[in-house]
Amino acid sequence: MLRFLLLTSLAALVLAVPQPWYLEDELGEGRVVGGEVARPNSWPWQVSLQYKSGSYFYHACGGTLIRTGWVLTAAHCIDRSMTWRVVLGEHDINNNEGREQYMNVSQVYVHPNWKSNNIAGGYDIALLRLSTDAVLNNYVQLGVLPPSGQVLSHNHPCYITGWGRTQTGGSLSAQLKQAYLSVVDYQTCSSSGWWGSSVKNTMVCAGGGSDSACQGDSGGPLNCNVNSQWVVHGVTSFVSFFGCNTYQRPTVFTRASAYISWMNSIMG
């Protein structure tokens with residue numbers, strides 16, 4: 001179902017006011033725009049969040065394994081009543097390669113301030129409690145979260161990963177993709193001509209050129225290199241209504257460092 005935020009009125013579409021667009025708009029479809037296919041299991045904390053339809057499960061969103069029994073994802077991915085599972089160690093979502101771990105979701109925790117009719121309001125973050133703990137190995141590892149409150153500087157190097165569309169309305173790729181996206185600081189991203197007031201200081205912007213997230217990437221990590229370590233600084237949240245890789249409408253992520261206390265309060 002198509003869901004987006006009308007910031008003022010229908011006239012806003014004509015005036016080209018920035019329109020946030022949910023990245024899981026069409027379940028089971030989508031790929032990272034631009035970038036390249038990742039080396040298998042080179043992002044071992046990346047998970048595929050899948051929903052059940054009939055007798056089969058289908059990819060809906062990404063996520064990050066942050067503890068052996070916990071996955072971080074976007075609130076808008078799971079704010080509906082469905083049967084969910086998480087696949088760890090995944091690379092090609094159309095094939096079982098023998099490295100995967102399939103986990104049922106026993107509990108969903110959506111941030112209490114999340115409002116599904118206002119994605120630009122923030123709080124697009126959720127935690128999934130797995131029914132059993134993951135087994136860590138060469139293919140499944142924990143993602144590292146940043147210190148509480150840490151904000152990256154403009155142009156800081158990051159990568160988005162996911163199974164989202166290769167272009168707006170484009171074809172699908174079953175294999176995990178990655179794309180380089182540099183951080184766009186809040187001052188720039190919230191300025192006129194960029195995202196303006198749609199972006200809050202609890203969000204991270206990255207990209208704004210030819211590469212971006214797209215439908216199917218929601219909930220996945222923004223992986224940033226900090227002191228030679230990959231740190232998950234963002235949860236993929238939204239792109240522009242006018243296209244996934246719209247110029248000066250970078251992909252917007254929930255800033256993980258703004259919610260460390262909330263996550264710890266849930267996970268203990």
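This is a predicted model: local features need pLDDT of at least 70, side-chain atom pairs count only at pLDDT 80 or more; totals for chains, interfaces and linings use all residues.
Strand 3 (residues 46–53) and strand 4 (residues 56–67) run antiparallel and are joined by 8 bridges. Within this pairing, S48 stands opposite G62 of strand 4. The two strands form a hairpin with 2 residues between them, and G54 in the turn adopts a positive phi of about 70 degrees. Strand 4 also pairs with strand 5 (residues 70–73), again in the antiparallel sense, over 3 bridges.

A search of the whole structure identifies 3 disulfides. In the disulfide of C61 and C77, the sulfur atoms lie 2.2 Å apart. The torsion about this S-S bond is about -95 degrees, so the disulfide is left-handed. The pair links distant parts of the chain, with C61 in strand 4 and C77, 16 residues away, in the loop between strand 5 and strand 6 (84–88). C61 is buried, at a relative accessible area of 0%, and C77 is likewise buried at 0%.

C158 is joined to C224 with an S to S distance of 2.1 Å, and 105 degrees about the S-S bond makes this link right-handed. Because C158 lies in strand 9 (residues 157–162) and C224 in strand 12 (residues 221–226), the pair ties together parts that are 66 residues apart in sequence. The relative accessible area is 0% for C158, which is buried, and 0% for C224, also buried.

The disulfide of C189 and C205 has an S to S distance of 2.0 Å and is left-handed, with -85 degrees about the S-S bond. With C189 in helix 2 (residues 186–189) and C205 in strand 11 (residues 203–206), this pair ties together parts 16 residues apart in sequence. Both C189 and C205 are buried.

Methods: Residues are numbered from 1 along each chain as its sequence is written. Side-chain values use heavy atoms; hydrogens and water are left out. Two strands pair if DSSP finds at least two bridges between them. Helices (H or I, at least four residues) and strands (E, at least two) are DSSP runs, numbered from the N terminus. A disulfide is a pair of cysteine sulfur atoms within 2.5 Å. Buried means under 20% relative accessible area, exposed over 50%, partly exposed in between (1.4 Å probe, protein chains only).
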